[in-house]
Amino acid sequence: MQQSTAPPTAPPRPGAARRTAVLVVMCLALAVVVGMLASLLVAVPDIARDLRATESELQWIMNAYGVAFAGLLLLGGALGDRYGRKGVLLAGLALFALSSGAVVWTDDVTLVIGLRGLAGVGAALVMPMTLSIITHVFPPEERGRAVGIWSGVSFGSGLLAVLLAGGLLEAYSWRSVFLTNAVLAALALAVAAAIAPASKQTESARLDVVGALLSVIGIGALVFGIVEGPELGWSDGSVITGFALGAVGLAAFVGWELRTAHPLLDVRVFRLPGVSAGSLIITAESIAMFGFFFLGLQYLQQILGYSPIRSGLALVSMALGAILFSPVAPGFAKRYGMRAVMGLGMALIAAGLGVLAATVDGGGLWPFLASTTLLGAGIAFAATPATEAIVAALPPEKQGVASALNDLTRELGGVLGIAVLGSVFNTTYRSDIADTAHGLPAEAADATRDSLAGALRAATELDDRTGARLADAAREAFNSGMANALLGGIAVVALGAVAAVALLSRRADRG
């Protein structure tokens, strides 16, 4: 007799108090893995001095985490759907905690990079599980608000991590940042083991191993090319190889997913306007926001002269805006429509970037705070409905992959934001500083062209008049580069919003 392959009856959902506890611990786990990258942005100068790391090594201390994280997200989501989301979450938290904690006891740069990659593997297991467990636990009528809180934490935690890291660096060494992340991950592991419910798809479903390998190769190679392009040059052989391998891998992934009976990600879901529009919104806002974040921290510390902890405090208004408005965004979407709310969110983001672009040269703190408040509110109204649209489009047994798709668009958008808007900034900065650098000694000229920090360091080694002129010119070039990068971010946000609204309008017309 043929055995039934129907999914088993879903277990009863936990009570309201238990659901709230699960939401809290999932948000803690999410905050740890998202906040790690942001906290390192503050710690990099101390790491460079202590480990005597080169610029290339510093890049990979940052990027090994992001490449592994983005490359393995889809596989992590599929593993949770197939083998159990709680088990995969706990394994990811354990790996993240161990690899982060091990950094405290090593002075070898290569080993630090390897441990960062392992932490990225753990993060790729953790992040999609947090959202898929939330969507499993909460009933449909409560899911929008829960996803809104998750979305707010996913953005706000990066900013709060900057504040925490700044406070730690005021009193302790950079190793305290890794130790704190390891302790928080261990805490999330212990609580999740006690209260997180077990869930997975039917036992009969097979894991798409070929699709998983192709997704890892394609996404990992693409992210490698994006990350290394600004550093090595877009025409460098390894960068071109990365893009070529990424394109071939992703094309092969799409072809395989269209043919196989049990796809890792059925790419036909992008025919659904909610999935395609949601992915566009999240990618566009992530490009703009991560580009802003990358340049904004430098602006606060090197232009306004803030310490790491004061820089973190200056970003609190953005975190509060995202966290406060994200839970109410789904209700606005139900009342006024997803198109209107996501369009409002993207308009607020564009306005925030515009305020800063117009005032970056001499504007000071208050315009910066006005800009970041608009950005935080914009993220809430744009990203929260977009996340809900993506996870609502896929069935319950595929929530791990749905969550991973949502997370992947964020990660790719973040990498693109730093790479592409960073390239706009670098091109403008080097063009504007070229004439000033031309008349300097060779070593000072190279340092000046490399970065604002290099120019300010070179200025201290010159006579007072020449050094002051160099420092002023470098700051002006930085401000000009940042303004152009922010304008590029506005263009990305506008294009993403128009495309997403057009897709949702087509769905409304068909409906």
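Okay, let's start with the nonpolar patch on the surface: Leu 320, Leu 324, Phe 325, Val 328, Phe 332 and Tyr 336 form it, with about 580 Å² of accessible area together. Areas here come from the Shrake-Rupley method with a 1.4 Å probe, and only the protein chains shown count as cover for residues. To join a patch, a residue needs over 30% relative accessible area and no salt bridge, and nonpolar side chains are joined within 5 Å.

This is a predicted model, where local features need pLDDT of at least 70, side-chain atom pairs count only at pLDDT 80 or more, and totals for chains, interfaces and linings use all residues. Residues are numbered from 1 along each chain as its sequence is written, and side-chain values use heavy atoms, leaving out hydrogens and water.

Which helix gives the most to the patch? That's H11, with three residues. Helices, by the way, are DSSP runs (H or I, at least four residues), numbered from the N terminus. Tyr 336 sits in helix H12.

Now, salt bridges, meaning a side-chain nitrogen of Lys or Arg within 4 Å of a carboxyl oxygen of Asp or Glu. The whole structure has three. In one, Arg 175 pairs with Asp 50, with the closest N and O atoms 3.5 Å apart. Arg 175 is in helix H6 and Asp 50 in helix H1, so this pair ties together parts 125 residues apart in sequence.

Is Arg 175 buried or exposed? At 14% relative accessibility, Arg 175 counts as buried (under 20%; exposed is over 50%, partly exposed in between). Arg 175 also bridges to Asp 107, at 2.4 Å between the closest N and O atoms.

Note on methods: Patch = residues over 30% accessible without salt bridge, like charges linked within 9 Å, V, L, I, M, F, W, Y side chains within 5 Å. Helix = DSSP H or I, 4+ residues; strand = E, 2+ residues; numbered from the N terminus. Buried < 20%, exposed > 50% of the residue type's maximum accessible area, 1.4 Å probe, protein only.
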